[in-house]
Number of protein chains: 2
Amino acid sequence: MTSGALRSVPDGLDAVLQLVREEGTTTRPHIARALGLGRNVVTQRVAHLMERGLVKEGELASSTGGRAPRGLQFDAEAGYVLAAEVGATSITAAVTDLSARIVVQHEEPADVTAGPERVLDRVQAIFDDLQASVGRTSGAWGVGIGVPGPVEFASGRPVAPPIMPGWDGFPVRDVLAKVYDAPVWVDNDVNVMALGEHRVGVSRAVQDFLYVKVGTGIGAGLVSGGHLHRGAQGCAGDIGHITVASDSGIVCRCGKIGCLEALAGGAALERQGAAAAEEGRSPYLAKLLASGTAIDAAAVGAAAAHGDPVGTQLLMRSGRLVGETLAALVNFFNPALIVLGGGVVSSGDVYTAAVKEVLFRRSLPLATRDLRINRSQLGHRAGIAGAASMVVDELFSPVRLAAWLDAGTPSGLPQLVNLPAR
Amino acid sequence: MTSGALRSVPDGLDAVLQLVREEGTTTRPHIARALGLGRNVVTQRVAHLMERGLVKEGELASSTGGRAPRGLQFDAEAGYVLAAEVGATSITAAVTDLSARIVVQHEEPADVTAGPERVLDRVQAIFDDLQASVGRTSGAWGVGIGVPGPVEFASGRPVAPPIMPGWDGFPVRDVLAKVYDAPVWVDNDVNVMALGEHRVGVSRAVQDFLYVKVGTGIGAGLVSGGHLHRGAQGCAGDIGHITVASDSGIVCRCGKIGCLEALAGGAALERQGAAAAEEGRSPYLAKLLASGTAIDAAAVGAAAAHGDPVGTQLLMRSGRLVGETLAALVNFFNPALIVLGGGVVSSGDVYTAAVKEVLFRRSLPLATRDLRINRSQLGHRAGIAGAASMVVDELFSPVRLAAWLDAGTPSGLPQLVNLPAR
């Protein structure tokens, strides 16, 4: 353990590592040019990273005159990370390499309302199986986990999460850190997905973007200047409870009236779809109900996909409400890209079209001039990629690199110290 | 001129300078502890900054045992900055020191619609007078300017500004950089005010906050993790054109229906106040009108301050609409603090109360648990403080410090190079 005081790394070490990570393959002369560092300094920093096993020598690169420089590669297999996404009704967990690439993954149904002890026991059991399947029993460099509720990031504890009874204030971070003897980071699932999209998805290299999830709940992850914006209490992006119809009389699970989620979320679609089936307004849904299938949001999506007018109508109504809300947020935040994800969005293009139509009509021309709106291509993988990226970004932050160098192990797996997160 | 390539500064130099700037007075041992740097490195970095005249030796500090260390001070008078705020109807300009403290200031009426040449000619004339009054004809370290419209920050050009005819795409930055042979930064007035509040106002040290200006127009400045969030096109914070009453039939100057600004901004209050005066609904305003005074937003504020029920009602209606909009943005952005500024807000406590009442009712408890909502204490000074802070922050950024060291002038005023802004 260290004192937790700010330490500094040798000049440029973190920048060199970041460049190698981003570029995959590079050369010493390229690093010197890109970072404005002297050749000697670059040689020393690269040697330092090689000692730690983070960078390895590659093929001869092409020459621009003179002796061809040797290529350098980030060694993503120098260590591994445990990443998990706890959903309302499922657990997904994986072993990833240091580029957040999934090595092995497992998904199973689960009930988050069973409480933190039981859910985290399952997460651990899965982690252990996954580690065993890659021939390890211990040695993860870090653990990252996303949960479906607000989290105080600094302490790794959920804060008054509405759909996670028993989790309020539970020390998820501390419990897992003890088990794995490794640093642990915990965040809200939508933040984690936003980070995943930002590191490996369509929004790579986009500095200002929004990830919006429309599923049972509705939430957003904000990236500002390339960094996740978590907000003062870590609850930024809670757009499901923005009032969109104060005179609707529809009471949300949060107790307020007319929240976006209560009118446009998965539960609302389920309720509206079931009513349409029972009242015979939707032939498709009525047939489904008669065959004994419960009507849920996915069924409404299927109805729309089969050309059922009521199914299409319900989806479009949800999409328009989401579009209305996003129009205000686009004026406010001016993102370059919005990535739409979640079960309701995946139900079809009609949904994205409805969002766009309202959004472009209601936002200012300057804010929408170059705005792209895409459906998530990563889907469920965004959560795991994001949880792993969260770990790797923190591991290679300057403060942690410094602690690592302090620990002084010669090579291979570092003796990681569990510094408090910033 | 340099190539614009990224250069690096000696390890810790920028951090040492930042610490001295923030703390005002410090000591070498304190710097070493706070930054985790070795004593020799600190001594060298401080010597470097002293050579440049940025840091000076102060009094003997109190000892914690052993020889008392000598105090170090940031020398805010090592150079000066020209800062200006161009408003819709006024120009404010000042000479400030390197802590953004105003040395001398001038304000005069102006009409931004007269176009960039005429307005910037006046700005230059005022700058020249102000410089002369402090015994200088040239040598400003940088120039910062806020204008009432969206700006592409990287190029320093206004982009389709609605109330600034003739300014679209005008190279404000380049024109002033040529005149003053110094680097120039241009930004939206509300961003500049947010920065001013963040550097010298109530929001000092608050990492996530919103500055909201309610005047003729309505706009917001966003600070995320201590940094201004400008958005992809630099138009983040344009909340005046969020739709709040799509069925109101009230057409905004942007062409859309039911924008916040069209219902709650200064022009709306003026229109509503004038109608109340003409129809005799407000005795106070009717008397004012009969005495030949034009009814504007300030008159509505005065009516409310004198207990006139209609004046109070109009202010509260505006405040509630602003509060409704901010409730959504609080759920989305989760700031720790909202600072309310602008002419309409300054009209009285009844306004702030109306904003708060709706905001706290409509936002999530977690997001409002520790949320503070304050009226700006800086008022007009926020713009100048922000414009000057923008310049000083950029001057002392690592990339610019590096360029400065490269230029190799021994001491005193640096030969600043006009690097492209990041």
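**Figure 1. The five-stranded open sheet of chain A in the predicted model.** The strands of this open sheet in chain A follow the order 13-12-11-14-15, and their pairing is mixed. Strand 13 (227-228) and strand 15 (372-375) of chain A stand at the edges with a single partner strand each, so one side of each has no neighbour in the sheet. Strand 11 (residues 209-214) and strand 12 (residues 218-224) of chain A are antiparallel and share 6 bridges. Within this pairing, A:Leu210 stands opposite A:Leu222 of strand 12. Helix 6 (residues 189-200) of chain A lies across strand 11, strand 12, strand 13 and strand 14 (337-341) of chain A. The helix runs at about 130° to strand 11 of chain A.

**Figure 2. The open sheet of chain B with the order 13-12-11-14-15.** This sheet has 5 strands and mixed pairing. Its edge strands are strand 13 (227-229) and strand 15 (372-375) of chain B, each of which pairs on one side only. On average, and with direction ignored, neighbouring strands of the sheet are turned by 25° against each other. Strand 11 (residues 209-214) and strand 12 (residues 218-224) of chain B pair in the antiparallel sense, with 6 bridges between them. B:Val214 has B:Ile218 of strand 12 as its bridge partner. Helix 6 (residues 189-200) of chain B packs on the sheet and touches strand 11, strand 12, strand 13 and strand 14 (337-341) of chain B. Its direction makes about 130° with that of strand 11 of chain B.

**Figure 3. Strand 4 of chain B and its two pairings, with strand 5 and with strand 7.** Strand 4 (residues 81-86) of chain B is mostly covered, with 6 of its 6 residues buried. In a regular strand, side chains alternate between the two faces of the sheet. Here B:Val81, B:Ala83 and B:Glu85 point one way from strand 4, while B:Leu82, B:Ala84 and B:Val86 point the other way. The residues of both sets are buried, B:Glu85 among them. Strand 4 pairs with strand 5 (residues 90-96) of chain B in the antiparallel sense over 6 bridges, and a hairpin through 3 residues joins these strands. The bridge partner of B:Val81 in strand 5 is B:Thr96. With strand 7 (residues 142-147) of chain B, strand 4 pairs in the parallel sense over 5 bridges. In strand 7, B:Ile145 is the bridge partner of B:Ala84.

**Figure 4. Edge-to-face aromatic pair of A:Phe127 and A:Tyr180.** Over all chains, a search of the whole structure finds 7 aromatic pairs. In the pair formed by A:Phe127 and A:Tyr180, the ring centres are 5.8 Å apart and the planes make an angle of 85°. The pair links distant parts of the chain, 53 residues apart: A:Phe127 is in helix 4 (residues 116-133) and A:Tyr180 in helix 5 (residues 172-180) of chain A. Buried means under 20% relative accessible area. A:Phe127, at 0%, is therefore buried, and A:Tyr180, at 11%, is buried as well.

**Figure 5. Edge-to-face aromatic pair of B:Phe74 and B:Phe396.** The distance is 6.1 Å centre to centre, with 90° between the planes. B:Phe74 belongs to strand 3 (residues 70-74) of chain B, and B:Phe396 to the loop between helix 14 (381-395) and helix 15 (398-407) of chain B. The pair therefore ties together parts that are 322 residues apart in sequence. B:Phe74 is buried at a relative accessible area of 10%, and B:Phe396 counts as buried at 5%.

**Figure 6. Arginine over a phenylalanine ring in chain A and in chain B.** A:Arg230 lies over the face of A:Phe153, at 3.5 Å from the ring centre. In chain B, the charged end of B:Arg230 sits over the ring of B:Phe153, 3.5 Å from its centre.

**Figure 7. Relation of chain A to chain B, with a ring cluster drawn from both chains.** Ring pairs link A:Phe332, A:Phe333, B:Phe332 and B:Phe333 into a cluster.

Note on methods
Residues numbered from 1 in each chain as written. Chains lettered and ligands numbered in written order. Predicted model: local features only at pLDDT ≥ 70, side-chain atom pairs only at ≥ 80, totals over all residues. Heavy atoms only, no water. Buried < 20%, exposed > 50% of the residue type's maximum accessible area, 1.4 Å probe, protein only. Helix = DSSP H or I, 4+ residues; strand = E, 2+ residues; numbered from the N terminus. Pairing = 2+ DSSP bridges. Axes fitted to C-alpha atoms, helices over the stretch in contact; angles between N-to-C directions. Contact = heavy atoms within 4.5 Å. Phe/Tyr/Trp six-rings, centres within 6.5 Å; stacked < 30°, edge-to-face > 60°. Lys NZ or Arg CZ within 6 Å of the ring centre and 35° of its normal. Least-squares fit on C-alpha atoms with pLDDT ≥ 70 in both.
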